[in-house]
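Me: I've got a structure open and want to talk it through. Can we go element by element and then zoom out?
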Amino acid sequence: MGIQTWTFIIVGITFALYIGIAIWSRAASTKEFYVAGGGVSPLANGLATAADWMSAASFLGMAGIIAFSGYDGSVYLMGWTGGYVLLALLLAPYLRKFGKFTVPDFIGDRYYSNVARTVAVIAALFVSFTYVAGQMRGVGVVFSRFLDVEVNTGVYIGMTVVLFYAFLGGMKGITYTQVAQYCVLIFAFMVPAIFISIMATGNPIPQLGFGSAGEDGVFLLDKLDGLMTDLGFTAYTDGSKSITDVFFITAALMLGTAGLPHVIIRFFTVPKVRDARKSAGYALLFIAILYTTAPAIAVFARTNLMETVEDTPYSEIPSWFTKWEETGLIAWTDKNEDGKIQYLPGSSIDGKKPLFTEERGASGERLISNPSNTRNELYVDRDITVLANPEIAGLPNWIIALVAAGGLAAALSTAAGLLLVISTSISHDLIKKQFAPDISDKKELLIARLSAVLAVIVAGYFGINPPGFVASVVALAFGLAASSFFPAIVMGIFSKRMNREGAIAGMIAGLGITTYYIARFKLGWIGNPETSGPDDWWFGISPEGFGTMGMLVNFAVALLISRFTAAPPEEVQQIVEDIRIPSGAGEALDH
Amino acid sequence: METSLRKKYWKENLRYLAILLFIWFLVSYGFGILLVDELNTIRLGGFKLGFWFAQQGSIYVFVILIFVYVRLMNKLDKKYNVNE
């Protein structure tokens, strides 16, 4: 059977599975809709959190980013895993003990203020919307790549599926579909990785494989470093970013991870405090399987690429090269007209994507209209690292189809988790807590469902018409989460003295300075674009890493202001005492 | 629960956090970033050690840290009789 048929079959089966789970796990109350009834086992929650966390970007993009940035790619590996240690040790158990539904719930109650709650709701909505727009786009791109449909059609299909289980099941439906989605995506990621590792080094464990030697007895990483430095690239295992910047970006990603509402909210779904701790451990374990494999895939793919293409005549190139050239993910321009591929540092094209003309060159290659004047002749889209793996390893068609299903599982699970945060923010934090505190549970459930529909439509709209700044929004989402939620929650738990005035001032200062910095140096909305290059960055920190600075500002402002204002009232200090002691979380849930 | 016991429980908890977070910082920011060049002169099979910590080792340690924390806290909860 062809790839196309297999893809339809496997994607069809997985979608039927997700919808089946949704029907089986319908939510009957707001508690089920918001926190899956609080009865999810730590293992199931760990699986769901892992699927929730790993997006299309982790599944399809990350190995590629690492393959093309070497050591510098470590910021994502450490940044997107290390945050779970902070979550497990500093946030999850205490928030679970607090026992309400949302992050703004905690901020609002702990800082006895509707202003604080509102700031938190706005931040939660902003972070989740920027994040979800990218996910819906990701769903569309995966569809278009594997099923030959328009990107927009892909977004519509994705919207329908997510809507179905988010509307019916809320958190309960999402949790159990995410468990299934994790299984699909990890299987799809690991099978090609294991085969490629065996091909490259004879070792079936990719994590060990990329530290071993190939058939020629040379260690793979040494060989890759050699190939790269010979051609004038920085050695793979050396970075080109400054140590300060690597430090700050890693910290911003870690703190952002620990402050993202769709991740935190997952720990409200387990029965006890000890379950919250344990499920954070499971979550990181399941995430680590993919995150320790990705750098191995990156090395295999980069070595393979360097060895295959460099100075190879186009006429002798393997078939996967021309296949991906047809899809536009590879472009070659024979700049010195020798019929061979020269792969050198620098971009081979002007702009971000190659613009193909309809014509063919002397060797039969697709011509492009925007070659640059560097000597590098080859453009390779980073996504190809994961996409082309099964073909390079010569795996059967059904595995290629499985990768498609895995990519969709990753994108859909993250989108669903984010949409739930958005709908909960609207129905619970805004309507129930601010405007209509007297509505019945049934009515609130209906509003939650309608908010989910609204959220899907808005997210789909952004997926179809991505705002120009979508590529930069991940930096923004993490920066804002790091500079607002993380300090506010940590101080709420670990400092009894922290009060309303301090927390609000801290959040506004942290959010403000981070937004300003990203708008100034990343988006170019403020100030002179001539003076927004790396030389002008404060302390050499890139916009991606500035969330760390925003967090420090938040802490400093909050501690200072709280010194000069009144201590929190007695009952609030009692809340803090109470969340520090694990026992009694079960009773605290019904409120 | 008595206030003095609560204080003791919290203090022990904070001590665990300090030790675990120190290790967390050391393996990632220390070995993987600040000391990466020094550690890269040491080899672990085909890996340079600093590079290995940045792309593999730190992640393994993170996972272990959480499970160690779970164990320590379960014991502590039992000791102070605040477990469920």
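Me: How many residues has helix 13 of chain A, and how far does it reach from its first C-alpha to its last?

Reply: This is a predicted model, to begin with. Helix 13 of chain A has 37 residues and reaches 54 Å from its first C-alpha to its last, close to the 54 Å expected at 1.5 Å a residue.

Me: Where does helix 13 of chain A bend?

Reply: At Ala288(A), by about 30°.

Me: And how many of the residues of helix 13 of chain A are buried?

Reply: 32 of the 37 are buried, so helix 13 of chain A is largely enclosed by the rest of the structure.

Me: What comes just after helix 13 of chain A?

Reply: Asp311(A), which takes a positive phi of about 60°.

Me: OK, over to the interface. How many residues of chain A are in contact with chain B?

Reply: 42 residues of chain A, against 35 residues of chain B. On the chain A side, the elements giving two or more residues are helix 5 (74-98), helix 10 (220-230), helix 11 (243-259), helix 13 (273-309) and helix 24 (585-588).

Me: Which of them gives the most?

Reply: Helix 13 of chain A again, with 11 residues.

Me: What sort of residues are on that side of chain A?

Reply: The side of chain A that touches chain B divides into 23 nonpolar, 12 polar and seven charged residues.

Me: Domains next. What does the assignment give for chain A?

Reply: Domain 1 is 46-303 + 394-569 + 576-588, and domain 2 is 304-389. The contact between them takes 20 residues from domain 1 of chain A and 15 residues from domain 2 of chain A.

Me: Which helices supply the domain 1 side?

Reply: Helix 4 (56-67), helix 8, helix 10 and helix 13 of chain A each supply at least two residues to the side that touches domain 2. The residues on that side of domain 1 of chain A divide into 15 nonpolar, four polar and one charged.

Me: How far apart are the centres of the two domains of chain A?

Reply: 33 Å, taken over C-alpha atoms.

Me: Zooming out, what is the secondary structure of chain A?

Reply: 24 helices and four strands. Buried residues make up 58% of the 591 residues in chain A. Among contacts in chain A between residues at least 6 apart in sequence, 82% join residues at least 24 apart.

Me: How does the radius of gyration of chain A stand against a compact globule?

Reply: A compact globule with 591 residues would have one near 25 Å, and chain A has 25 Å, which agrees. The C-alpha trace of chain A spans about 80 × 55 × 45 Å along its principal axes.

Me: And what radius of gyration has chain B?

Reply: Chain B has 17 Å, but a compact globule of 84 residues would have one near 12 Å. The C-alpha atoms of chain B fill a box of roughly 55 × 20 × 15 Å.

Me: What order do the elements of chain B run in?

Reply: From the N terminus on, α-α-β-β-α. Of the 84 residues of chain B, 37% count as buried.

Conventions. Residues are numbered from 1 along each chain as its sequence is written. Chains are lettered from A and ligands numbered from 1 in the order in which they are written. This is a predicted model: local features need pLDDT of at least 70, side-chain atom pairs count only at pLDDT 80 or more; totals for chains, interfaces and linings use all residues. Two residues are in contact if their C-beta atoms, placed from the backbone, lie within 7 Å. Ala, Val, Leu, Ile, Met, Phe, Trp, Tyr, Cys and Pro count as nonpolar, Asp, Glu, Lys and Arg as charged, and the others, Gly among them, as polar. The radius of gyration is taken over C-alpha atoms; the globule rule is 2.2 Å times the number of residues to the power 0.38. A residue is buried if 20 or more other C-beta atoms lie within 10 Å of its own, exposed if 12 or fewer, and partly exposed in between; C-beta atoms are placed from the backbone. Domain bounds come from an automatic or database domain assignment. The expected span of a helix is 1.5 Å times one less than its number of residues. The bend at a residue is the angle between axes fitted to the seven residues ending there and the seven starting there.
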